[in-house]
Amino acid sequence: MNIGGHDIGVCGWSLKQASTADLVATLKRLGLGHVQMALAPLMDRSVEQRTDSLNLLRDNGIEIVSGMVNFPDENYASIASIRQTGGFVSPTLWPARSERALALATLAADIGVTTVSAHAGFIPPSGDPAYREVVDHLGQLASGYAKHGVDLLLETGQEKATELLQFLNDLNAPNVGVNFDAANMILYGAGDPTEAVAILGRHIRHVHIKDAVVSAQPGIEWGHEEPFGDGDLDVHSLLRALHDVGYDGPLIIEREAGPERVSDVQAAIDVLAAHYGE
């Protein structure tokens, strides 16, 4: 499916399907031929099981447009808990996390996926003594990904756009860009998503389609996710901003809450079609 010049897909984990066959059936029912896949479950399967899953996707015309890296011990119970356990920032978590992330880059390259997204974690301010170590660590990771021909995209949300832009400039790694998730910025209280698009501009290489409502205590308590078009996100301003910065890549629907995931994904497709007049 292509709407407004963008390939439209979905995060495979959003659909919570029991098997690859179920995932394929749901994608076909939605008319989607593009998916972002969590890489860890693929890596944890046997080679035979992984091959069978990949063949099933390929034989049904489903393209894996990107991969996703996460870790089982990340705790999203609260903003405070994910600040301690998320991504690559913690020096104590770094050795195991980097090893796992590099193994997933190898897998991505082996299956022909050249773009992988991840949450870096809460990047400290540039004046923080820990900042340079985080830059160095992500630089090592970027170098490892580059050896496999894989781009690493840092997902927005856990810092303001200006802070992420400075980090990208200081990192200065051509294969590191942004997976732009407007709803995450609302959920974390990290600033206006439309303004963030203009700030991050050319670094945006992948976009999640998701919506949310602002928290009563932004940055302290979560906002809450809503179906795309039903939250506080100004959908039309966001999509115009992406057009204005020249973004023509995939729009990947993510839905991480609610009991009706498939119908919510369909609703997001309808919102996108209405915006682009299709």
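Reader: Which elements each supply at least two residues of the lining of the second largest pocket?

Author: This is a predicted model. The second largest pocket holds about 250 Å³ of space, and its lining has 13 residues. Gly-12, Gln-17, Leu-23, Met-37 and Arg-45 are the ones that lie nearest its centre. The elements that each give at least two lining residues are helix 1 (residues 20-30), strand 3 (34-38) and helix 2 (39-43).

Reader: How many residues of the lining of the second largest pocket are charged?

Author: By class, this lining contains 7 nonpolar and 4 polar residues. Arg-45, one of the residues nearest the centre of the pocket, belongs to the charged class because Arg is counted there with Asp, Glu and Lys. The charged residues in the lining number 2.

Reader: Which helix gives the most to the lining of the largest pocket?

Author: The largest pocket contains about 510 Å³ of space and is lined by 24 residues. Strand 4 (63-69), strand 5 (115-118), helix 8 and strand 10 (224-226) each contribute at least two of the lining residues. The top contributor, with 3 residues, is helix 8.

Reader: Which residues lie nearest the centre of the largest pocket?

Author: The lining of this pocket divides into 11 nonpolar, 7 polar and 6 charged residues. The residues nearest the centre are Tyr-76, His-119, Lys-210, Glu-254 and Glu-256.

Reader: How many cavities of 30 Å³ or more does a search of the whole structure find, and which helix gives the largest share of the lining?

Author: The search finds 1 cavity of 30 Å³ or more, and about 50 Å³ of space lies in the largest cavity. Its lining includes Lys-210 and Glu-254, which are also among the residues nearest the centre of the largest pocket. The largest share, 3 residues, comes from helix 11 (residues 261-276).

Reader: At what angle do helix 1 and helix 11 pack?

Author: Thr-26, Arg-29 and Leu-30 of helix 1 touch Val-262, Val-265, Gln-266 and Ile-269 of helix 11. This contact is made up of 4 nonpolar, 2 polar and 1 charged residues. The crossing is right-handed. The axes lie 11 Å apart, and the angle is about 35°.

Reader: Which residues of helix 10 are buried?

Author: Helix 10 spans residues 235-244, and Gly-246, with a positive phi near 85°, follows it. The cover over its buried residues includes strand 7 (176-181), helix 8 (182-188), helix 9 (193-200), strand 8 (204-209), strand 9 (211-213) and helix 11. The buried residues are Val-235, Ser-237, Leu-238, Leu-239, Ala-241 and Leu-242.

Reader: Why does Ala-161 count as buried?

Author: Ala-161 is part of helix 7 (residues 161-171). Beyond four places in sequence, Ala-161 touches Met-185, Ala-190, Ala-196, Ile-199 and Leu-200. A residue is taken as buried when its relative accessible area is under 20%. Ala-161 counts as buried because its relative accessibility is 7%.

Reader: How many Å apart in space are Ala-161 and Ala-190, C-alpha to C-alpha?

Author: Ala-161 and Ala-190 are 29 residues apart in sequence. The C-alpha to C-alpha distance is 7.7 Å.

Terms used: Residues are numbered from 1 along each chain as its sequence is written. This is a predicted model: local features need pLDDT of at least 70, side-chain atom pairs count only at pLDDT 80 or more; totals for chains, interfaces and linings use all residues. Side-chain values use heavy atoms; hydrogens and water are left out. On a 1 Å grid over the protein atoms alone, a cavity is a set of points where a 1.4 Å probe fits but cannot get out, and a pocket is an open set with protein on both sides within 12 Å along at least five of seven lines; lining residues have an atom within 4 Å of a point. Grid points are joined across faces, edges and corners, and a volume is the space filled by probe spheres set on the points. Helices (H or I, at least four residues) and strands (E, at least two) are DSSP runs, numbered from the N terminus. Axes are lines fitted to C-alpha atoms, for helices over the stretch in contact, and angles run from 0 to 180 degrees between N-to-C directions. A crossing is left-handed if the near helix is turned anticlockwise from the far one by less than a right angle, and right-handed if clockwise. Contact means heavy atoms within 4.5 Å. Buried means under 20% relative accessible area, exposed over 50%, partly exposed in between (1.4 Å probe, protein chains only).
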